[in-house]
Amino acid sequence: MASPTKPLADRIREFALRTFIQPEQRANKPEITIRAGDVHSAMRLRDRMPAVCSALESRKFQEMCGLELTNKRG
C-alpha cells in the first residue's frame, strides 16, 4: 500500500496504474480510457480533481505506464 507521506500525485499515478492501466494492458486493449472522476471516487478523495487531472496528464505518468496521451476531454 502507498505511504501516506508519499506525494499525492505519486499516489494517484500508482493507483491509476495498478487499478486502471495494468488490467487493460493484461487484456491487450489497444486503447485505454481513464476518467479522472473514477480515479477520484475510487481513491475516496475530496476536492482533489485538479490534482487527479494533473497526475493523469503528466509525462511522468505516461512514461510510468508506457503509454501516450492521445485524447483529453473536459
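Arg 35 is exposed, with a relative accessible area of 54%; exposed stands for over 50%, buried for under 20% and partly exposed for the range in between (1.4 Å probe, protein chains only). The structure is a predicted model, in which local features need pLDDT of at least 70 and side-chain atom pairs count only at pLDDT 80 or more, while totals for chains, interfaces and linings use all residues. Residues are numbered from 1 along each chain as its sequence is written, and side-chain values use heavy atoms, with hydrogens and water left out.

Arg 35 joins Asp 38 in a salt bridge with an N to O distance of 2.7 Å, a salt bridge being a side-chain nitrogen of Lys or Arg within 4 Å of a carboxyl oxygen of Asp or Glu. Asp 38 is partly exposed, at 31% relative accessibility. The count by this rule is 6 salt bridges. In one of them, the closest N and O atoms of Lys 6 and Glu 14 are 2.9 Å apart; Lys 6 is partly exposed at 28%, and Glu 14 is partly exposed at 25%. Another pairs Asp 47 with Arg 46 at 4.0 Å. Asp 47 is exposed at 64%, as is Arg 46 at 68%. A network of salt bridges links Asp 10, Arg 13 and Lys 60.

The largest nonpolar core has 14 residues, of which Ile 12, Val 39, Met 43, Val 52, Leu 56 and Phe 61 touch the most other members. Such a core is a set of buried Ala, Val, Leu, Ile, Met, Phe, Trp, Tyr and Cys residues joined through side-chain atoms within 4.5 Å. At least two of its residues come from each of α1 (8–26), α2 (36–42), α3 (49–57) and α4 (59–65), helices being DSSP runs of H or I with at least four residues, numbered from the N terminus. The most, 5 residues, come from α1. Beyond its neighbours within four places in sequence, Val 52 is in contact (heavy atoms within 4.5 Å) with Ile 12, Ala 36, Val 39, His 40 and Leu 45.

Glu 31 lies in the loop between α1 and α2 and is exposed, with a relative accessible area of 61%. Its C-alpha is 15 Å from that of Arg 73, 42 residues away in sequence.
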